Amino acid sequence: MSEKIPVSKVLVENSSGKFLSVREKKSGKWELPGGKIEDKEDRFQASRRELKEEVNLEISSVEDVVRVEVEDEKCVNCWIMHTSEFSGDVELDRSELSDFRLVSGSEYLELDWHADAGYAIPAIRFLNQYLD
């Protein structure tokens, strides 16, 4: 088996209970903001850095939701994080992303997800139970 790739993805929830989804430029598919955890960085630091780089949001607090391992061509060790404490307006990194949406939980489940982004569906469906 190949080495596990550590990744942090963030459920960004606004005050109306809607979640930020971003469209990957290369595939045209939807995913959560976030990415690979760099050396000497934990999942919390990676979440903050990735949100700033990808969507220009500053987050003041982020919490664990669930960890999921995705095995396909690669083995991805993905932490799904959650924040509702952020500042700034969404400004996409246009080299990676082409669009964003703020969607309800039910709309979230209907998006055309990137092939390896399905890990987020249980997290959104059971978010309240995970956070309790």
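**Close-up views of a predicted model**

**View 1. The largest nonpolar core.** Of its 17 residues, Leu11, Phe19, Leu32, Ile80 and Tyr108 touch the most other members. Strand 1 (4–12), strand 6 and helix 3 (120–125) each give two or more residues to this core. The model shown here, as in every view, is predicted. Nonpolar side chains tend to be buried together in soluble globular proteins.

View 2. The strands run in the order 3-2-7, and their pairing is antiparallel. Strand 3 (30–31) and strand 7 (97–103) are the edge strands. Each of these edge strands pairs on one side only. Backbone hydrogen bonds are what pair the strands of a sheet.

**View 3. Strand 2 beside strand 7.** Strand 2 covers residues 19–24. Strand 2 and strand 7 pair in the antiparallel sense over six bridges. Which residue in strand 7 is the bridge partner of Leu20? The partner is Leu102.

**View 4. His82 in strand 6.** Strand 6 spans residues 75–87 and includes His82. Is His82 buried or exposed? His82 counts as buried because its relative accessible area is 5%, and the cut-off for buried is under 20%. The side chain of His82 also makes a polar contact of 2.7 Å with the side chain of Glu13.

Terms used:
Residues numbered from 1 in each chain as written. Predicted model: local features only at pLDDT ≥ 70, side-chain atom pairs only at ≥ 80, totals over all residues. Heavy atoms only, no water. Pairing = 2+ DSSP bridges. Helix = DSSP H or I, 4+ residues; strand = E, 2+ residues; numbered from the N terminus. Buried < 20%, exposed > 50% of the residue type's maximum accessible area, 1.4 Å probe, protein only. Polar contact = N/O pair within 3.5 Å; in protein donor to acceptor, adjacent residues only side chain to side chain. Core = buried A, V, L, I, M, F, W, Y, C linked by side-chain atoms within 4.5 Å.
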